[in-house]
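Welcome, and thanks for taking a look at this one. Here is a short briefing to read alongside the sequence and the 3D view, grouped by topic.

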Amino acid sequence: QSQFVESGGGVVQPGGSLRLSCAASGMLFPLYTMGWYRQAPGKQRDLVATVTGGGGINYADSVKGRFTISRDNIKNTVYLQMNSLSPEDTAIYYCKAEKWSVQYWGQGTQVTVSS
C-alpha cells in the first residue's frame, strides 16, 4: 500500500549528470532504509546506494565518487545525484524502501547514457 513517485530519468551524454527523485507516501518514511538499485538489459538488479534513517550510507564500488544519495525526511523523498555518467550506467533505476522484513519497490525510471 506504500507508493513511490520516481522522476528525473532521461537521456544524457557521457560525462553528464542527472538527479533522480523518489517521493514516498503511505509509510513512516524516517523509519525506512531507502535505496537505489538498477537493472541493465539482460542483467540482474544491483545495488547502487542506500541511506538509513540515521544517515548511514552505502555505495556500490562502481559509483563511488560519482553518485550521491541523500534523503529529506520532511518531504519523504530520497535523491540520487549522478555525475560523470557513462554508457555503463544505462539502466532502469528503482527506488526501494526496507524496514525489518518489509520491502517496497518503485516502478523504475529509465536512465540512458549515449554517444
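Cys-22 and Cys-95 form a disulfide, with 2.1 Å between their sulfur atoms. Please keep in mind as you read that this is a predicted model.

**The disulfide**
- A search of the whole structure turns up one disulfide.
- The pair ties together distant parts of the chain, since Cys-22 sits in strand β3 (residues 18-25) and Cys-95 in strand β9, 73 residues apart.
- The link between Cys-22 and Cys-95 is left-handed, with -85 degrees about the S-S bond.
- Are the two cysteines buried or exposed? Cys-22 has a relative accessibility of 0%, which is under the 20% cut-off, so Cys-22 counts as buried. Cys-95 also has 0% relative accessibility and therefore counts as buried.

**Strands β7 and β8**
- β7 and β8 run antiparallel and are joined by six bridges.
- Within this pairing, Arg-71 stands opposite Val-78 of β8.
- Four residues lie between β7 and β8 in the hairpin they form, and Asn-76 in the turn has a positive phi of about 55 degrees.
- Strand β7 (residues 67-72) has a covered face made up of Phe-67, Ile-69 and Arg-71. Its uncovered face carries Thr-68, Ser-70 and Asp-72.
- In a regular strand, side chains alternate between the two faces of the sheet.

- Asn-83 belongs to the loop between β8 (77-82) and β9 (91-99).
- With a relative accessible area of 30%, Asn-83 is partly exposed, because that class covers values between 20% and 50%.
- Which residues does Asn-83 touch, not counting those up to four places away in sequence? They are Gly-16, Ser-17, Arg-66 and Phe-67; Phe-67 is also part of the covered face of β7.
- Gly-16 is 67 residues from Asn-83 along the chain, yet their C-alpha atoms are separated by 6.2 Å.
- The side chains of Asn-83 and Gln-81 make a polar contact at 3.0 Å.

- Gln-13 lies in the loop between β2 (10-12) and β3.
- Gln-13 has a relative accessibility of 57%, so Gln-13 counts as exposed.
- Leaving aside neighbours within four places in sequence, Gln-13 is in contact with Leu-85, Val-113 and Ser-114.

Conventions: Residues are numbered from 1 along each chain as its sequence is written. This is a predicted model: local features need pLDDT of at least 70, side-chain atom pairs count only at pLDDT 80 or more; totals for chains, interfaces and linings use all residues. Side-chain values use heavy atoms; hydrogens and water are left out. Helices (H or I, at least four residues) and strands (E, at least two) are DSSP runs, numbered from the N terminus. Buried means under 20% relative accessible area, exposed over 50%, partly exposed in between (1.4 Å probe, protein chains only). Contact means heavy atoms within 4.5 Å. A polar contact is a pair of N or O atoms within 3.5 Å; within protein, one must be able to donate a hydrogen and the other to accept it, and residues adjacent in sequence count only if both atoms are side-chain atoms. Two strands pair if DSSP finds at least two bridges between them. A disulfide is a pair of cysteine sulfur atoms within 2.5 Å.
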